[in-house]
Amino acid sequence: MFDSIGRWWRKNAPTRESLEEVRWLRPFAHRVLEPALWRFTRRSVPRGVALGLIVGLFLMIPGLQIIGAALLALPCRANVPIAVAMTFLSNPATTPFILYLSIIVGNRFIHSTVDVGTVMTMINQGASLAEWAAWLASAAAPALVIGLFVISVITAAVGYLASGCIWRAWTSHKWNLRERHRAERAVEERG
């Protein structure tokens, strides 16, 4: 599975050289295109996962999530592609569930009684941006913001730990394969 993902990534991901050619990126390319930010290492990948989850779940503004994750990855020394990819956890299919859960969690933290049914009604009716803004300006905003914060921090912590464990398991698997191949070669050479 990991090999197929790696092949897909190498085939479709932009190269460092192609990004250096982007005109608006040239003034600060030395910082953005630092090789350490694009390598998949045991430290940068979990950082990228956590950062992408925090920004992706808390910010909830399409486009701005990607830019925010990429910019925050620079000082955090997180893997930029992973941070950007993790922002896609919040997408049109998952956003209603995230908002719903955020309001429930926020209600529990600040002991408020924001009506969660209103959110579902607005989603089902395709509420306009003005209606959403009016709803957010009401008492629902604190519950939503606190809920988003709590959910994003917990999800980022779980993502950080899970990606670290997956990284270790993957590395261990690769080492075991190498050892097995070495042992097989040694047997073939003797026999």
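Guide: Begin with burial: Trp167 has a relative accessibility of 17%, so this residue counts as buried (buried is under 20% relative accessible area, exposed over 50%, and partly exposed in between, with a 1.4 Å probe and protein chains only). Trp170, at 24%, counts as partly exposed, and both residues lie in helix α9, three residues apart, about one turn of the helix (helices are DSSP runs of H or I with at least four residues, numbered from the N terminus). The model is predicted, so local features need pLDDT of at least 70 and side-chain atom pairs pLDDT 80 or more, while totals for chains, interfaces and linings use all residues. Residues are numbered from 1 along each chain as its sequence is written, and side-chain values use heavy atoms, without hydrogens and water.

Visitor: How many aromatic pairs are there by the rule for rings?

Guide: A pair of aromatic rings is described by the distance of the centres and the angle of the planes. Rings of Phe, Tyr and Trp (its six-membered ring) pair with centres within 6.5 Å, and planes under 30 degrees apart are stacked, over 60 edge-to-face and the rest tilted. By this rule there are two aromatic pairs. Phe58 and Phe149 have ring centres 6.2 Å apart and planes at 85 degrees, so they are edge-to-face. Because Phe58 belongs to helix α4 and Phe149 to helix α9, this pair ties together parts 91 residues apart in sequence. Phe58 is partly exposed at 36%, as is Phe149 at 49%. Trp167 and Trp170 form an edge-to-face pair, 5.2 Å centre to centre with 75 degrees between the planes.

Visitor: Which residue lies over the face of Trp170?

Guide: Lys174 does, at 4.6 Å from the ring centre (a charge sits over a ring if NZ of Lys or CZ of Arg is within 6 Å of the ring centre and within 35 degrees of the ring normal). The charged end of Arg178 likewise sits over the ring of Trp175, 5.0 Å from its centre.

Technical notes:
Helix = DSSP H or I, 4+ residues; strand = E, 2+ residues; numbered from the N terminus.
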